[in-house]
Amino acid sequence: LIDILKQWGARPFIAPSGHSFIKKAMAEHKALLAGELSCHFFFHDRYFGYDDGIYAALRTFELIHETKQSLDELLTLIPHKVSSPEFRIACASDEVKSTIVDHVKQGLASRTDLELITIDGVRAHTNYGWGLVRASNTQPVICLRFESDTIDGLKRIKSEFYELLSPHFDKQFLKEKSIENASQIIKRLRRIKEIGLKYPRHIDKKELLEAFQELGFSYPPHN
């Protein structure tokens with residue numbers, strides 16, 4: 001998303017997660033649009049600068065009407081990425097979650113082959129993908145996200161973060177988190193099939209094969 005916004009001449013910036021932080025950042029940067037992974041979109045263009053699901057849907061309908069393109073056609077503008085859902089791992093206390101995030105940050109700080117963004121936790125950008133670990137604002141939990149252009153890149157960045165987390169969590173537990181990720185992909189596809197929607201372009205067959213392999217199943221499945 002950052003890459004395509006730059007191509008369109010926009011000036012993207014990253015703010016900490018959370019409504020209050022996003023609204024504050026929008027005011028400081030005079031931003032017209034903001035969003036977060038939870039699908040909250042904030043409009044300050046022809047609107048009041050807060051998130052509104054109904055208004056976001058209406059702006060989507062307006063875009064479809066004015067461009068005379070379907071939503072599927074509009075989505076082809078967005079580069080394909082292989083990404084994980086958000087992993088949430090419970091910690092013993094708020095102090096422990098902060099210690100874990102600091103440990104990952106220190107482990108990445110000495111590397112010269114990546115760019116670190118430390119606005120909210122630590123986000124490491126490499127030429128094969130990015131990974132993020134941050135402390136939840138409301139719970140003794142750390143949150144992780146990973147994204148890459150390829151499955152191999154996603155596995156690599158995920159593995160590097162897991163290695164830094166291994167002093168705090170059992171490696172088998174982290175492996176189970178990956179299996180949980182694979183299960184979510186499969187459940188999502190089964191739900192899409194149930195309601196009769198098209199196969200989503202953001203999940204390709206290689207990614208689905210990887211998900212089944214992690215679960216130890218054959219592909220294609222029988223159901």
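## Helix 3

Helix 3 is followed by Lys68, whose phi is positive, near 60°. Helices here are DSSP runs of H or I with at least four residues, strands are E runs of at least two, and both are numbered from the N terminus. The model is predicted: local features need pLDDT of at least 70, side-chain atom pairs count only at pLDDT 80 or more, and totals for chains, interfaces and linings use all residues. Residues are numbered from 1 along each chain as its sequence is written, and side-chain values use heavy atoms, with hydrogens and water left out.

The 15 residues of helix 3 should span 21 Å at 1.5 Å a residue. The expected span is 1.5 Å times one less than the number of residues. The end C-alpha atoms of helix 3 are 21 Å apart, which agrees. At the start of the helix, a side-chain oxygen of Asp52 reaches to within 3.0 Å of the backbone nitrogen of Ile54.

## Two sides of the helix

Which residues of helix 3 are buried? They are Tyr55, Ala56 and Arg59. These residues cover an arc of only 100° around the axis, so they sit on the same side of helix 3. The arc is taken from the directions from the helix axis to the C-beta atoms. Buried means under 20% relative accessible area, exposed over 50%, and partly exposed in between (1.4 Å probe, protein chains only).

Strand 2 is included in what covers the buried residues of helix 3. Contact means heavy atoms within 4.5 Å. On the other side of the helix, Gly53, Ile54, Leu58, Phe61 and His65 are exposed.

## Salt bridges

Side chains of opposite charge can pair when their charged atoms come close. A salt bridge is counted when a side-chain nitrogen of Lys or Arg lies within 4 Å of a carboxyl oxygen of Asp or Glu. The count comes to 10. In one of these, Glu62 pairs with Arg46, with the closest N and O atoms 2.8 Å apart. This pair links distant parts of the chain, 16 residues apart: Glu62 is in helix 3 (residues 53-67), and Arg46 is in the loop between strand 2 (41-43) and strand 3 (50-51). Glu62 is partly exposed, at 25% relative accessible area. Arg46 is exposed, at 54%.

Arg134 and Asp120 also meet in a salt bridge, at 2.9 Å from N to O. Arg134 lies in strand 8 and Asp120 in the loop between strand 6 (115-117) and strand 7; the two are 14 residues apart and link distant parts of the chain. Both Arg134 and Asp120 are buried. Elsewhere, salt bridges with shared partners join Asp45, Arg46, Arg59 and Glu62 into one network.

Lys97 forms a salt bridge with Asp94, with the closest N and O atoms 3.2 Å apart. Both lie in helix 5 (residues 94-109), 3 residues apart, or about one turn of the helix. Lys97 is buried at 7% relative accessible area. Asp94 is partly exposed at 44%.

Why is strand 8 largely enclosed by the rest of the structure? Because 6 of its 7 residues (129-135) are buried.

Strand 7 (residues 122-126) pairs with strand 8 in the antiparallel sense over 5 bridges. Two strands pair if DSSP finds at least two bridges between them. Gly131 in strand 8 is the bridge partner of Ala124. A hairpin through 2 residues joins strand 7 to strand 8.

Strand 8 also runs antiparallel to strand 9 (residues 141-148), and 6 bridges join them. Here Leu132 has Arg145 of strand 9 as its bridge partner. Strands 8 and 9 form a hairpin with 5 residues between them.

Conventions
A polar contact is a pair of N or O atoms within 3.5 Å; within protein, one must be able to donate a hydrogen and the other to accept it, and residues adjacent in sequence count only if both atoms are side-chain atoms.
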